[in-house]
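Hi,

Here is the model I said I would pass on.

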Amino acid sequence: MNMRKRCPGAVREFGKCAIVFCLSVVVAMGSLLIAAFAPQDKISENLLDSVDGLYLEGQYPVIGDRKINSLLDNATDTTMLRATAGMNRHYLGAVLTNPLYSYNNVEVEKAEDYPVKCLELYSIGMKPDGEFLYVRYWMGFRAVLRWLLVFFDYFQIRRYAGALFFALFALAICSVAGQVDTKTAFAFAVSVILVRPHVIACSLQFLPCFLIAFLAMLIAPHLVERPAWDAVFFLEIGVVTMFFDFYTTPLISVGFPLVYLAILRARQGRRITLGWMVRCVLIWLCGYALMWLAKLTMTSLFTSVDGLSDGLAAFSRRVGIKKSEGYEEYYSLSLAFKNLRSAIFSDTEGKVVYLLGAGLTALSVCICAIRRKLKLSAFAANRCLLFAAVLPFIWFCCTAQPIAIHYWYQYRSIALTHWAVGAYVTMTFWQGNQKTEFRTE
């Protein structure tokens, strides 16, 4: 009888997810096609207004304390601008092939200025000599960036994108404070503060996953009483992350709202199980992977480029199935974690301060637990939140090669660990005081 009841529900859930996924692909393609018709002359004009600043800043400017984790990735931002400029109504196939146009015999003062020079020459209408087809990503940011470039130059867009980041961050903090309590909101705020939000806010590449995560957190309270929509919610987060992100910190997009939703349901007396959390992450991963495969498949079907072969070959190189020639040293888990430590701590003094802060926090937790006479069972009640805390380390292990190379921004997935541990501590004390009686969903 139970199997009969579950099967129709599972079928309905699968059908709902399939419909949402197909609609998402249609909307994704439609938004890119529509953006291709944005006025190219206005876009080129604002791109030309941007190149002087890009030359001046350089491709990898360091801000703040001038440590490696304060590095901006203007090189990737320039790639985003080149891809955005190249997707226009004159060649609609660019929606899927993502061309980066290049020029021969170009003189530049520094080798790193070459991509900016290509952007400049394309913006003034010079016919390119060649192209690189960056087909393995959706580059969904073009659907937004092209319209923004009609009105603003790159540095203006960066200004307002940074303001949006902090506005959504503030709204997410207010949501946690209002729905849970100020201590949990503080833990969430600190988790982001520790990964240098002022740097994130200055890079178009670093922003998408955090913006998606904050928006998903604002939606989470509306799902507390609607567990039937969990699958669609996390599937869609995976889809949107794959569409917009240029592979930075995708785990943030699922981990932040997952922890928040778990807290909200736990406060209502629901038992949060490891199975539920794993299921949500796997659904997110399905949306993330299927959206990627959909992009590659459409590229293979509707263009002359074999997108599937290109994408799968890139994936095999990233995870080490087939090692990239000349990059063998980066397929090292020890190197990946060594580099991650340098990004998380910044330097020896930073490591001391970080560990001292963690130690004092742990000590204060122990003192409060003793004073309030919390039993060990109180610490076991929300142990599933610690699964989310471990997720970044699982991700780091599976993607050691890109982590070893791009650790200086991909390390920011560690914010999920901070958030999950902070939420675990605050929920443990709340439930220890309230003596909540759990009910299963």
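When I say helix below, I mean a DSSP run of H or I with at least four residues, numbered from the N terminus. Keep in mind that this is a predicted model, where local features need pLDDT of at least 70 and side-chain atom pairs count only at pLDDT 80 or more, while totals for chains, interfaces and linings use all residues. Residues are numbered from 1 along each chain as its sequence is written, and side-chain values use heavy atoms, with hydrogens and water left out.

Arg 66 sits in the loop between helix 2 (40-57) and helix 3 (74-86), and it has a positive phi of about 60° despite not being a glycine. Its relative accessibility is 60%, so Arg 66 counts as exposed (over 50% relative accessible area is exposed, under 20% is buried and in between is partly exposed, with a 1.4 Å probe and protein chains only).

Ser 346 is another non-glycine with a positive phi, near 75°. You'll find Ser 346 in the loop between helix 15 (333-345) and helix 16 (348-371). Just after helix 16 comes Lys 373, with a positive phi of about 55°.

Helix 16 itself has 24 residues, which at 1.5 Å a residue should span 34 Å; its end C-alpha atoms are 35 Å apart, which agrees. (The expected span is 1.5 Å times one less than the number of residues.) The check also works for helix 10 (residues 207-219): its 13 residues should span 18 Å, and the end C-alpha atoms are 19 Å apart. Of those 13 residues, 10 are buried, so helix 10 is largely enclosed by the rest of the structure. Among the buried ones are Phe 210, Leu 211, Ile 212 and Phe 214.

Now for a helix pair. The axes of helix 12 (residues 250-267) and helix 13 (residues 274-302) come within 11 Å and cross at roughly 150°. (Axes are lines fitted to C-alpha atoms over the stretch in contact, and angles run from 0 to 180 degrees between N-to-C directions.) Helix 12 and helix 13 are therefore roughly antiparallel, a label for angles over 145 degrees. The contact (heavy atoms within 4.5 Å) includes Leu 258 and Leu 261 of helix 12 and Trp 276 and Trp 284 of helix 13.

Last one: His 406 is in helix 19 (residues 400-410) and is partly exposed, with a relative accessible area of 23%.

Cheers

Note on methods:
Helix = DSSP H or I, 4+ residues; strand = E, 2+ residues; numbered from the N terminus. Parallel < 35°, antiparallel > 145°, perpendicular 65-115°, else oblique.
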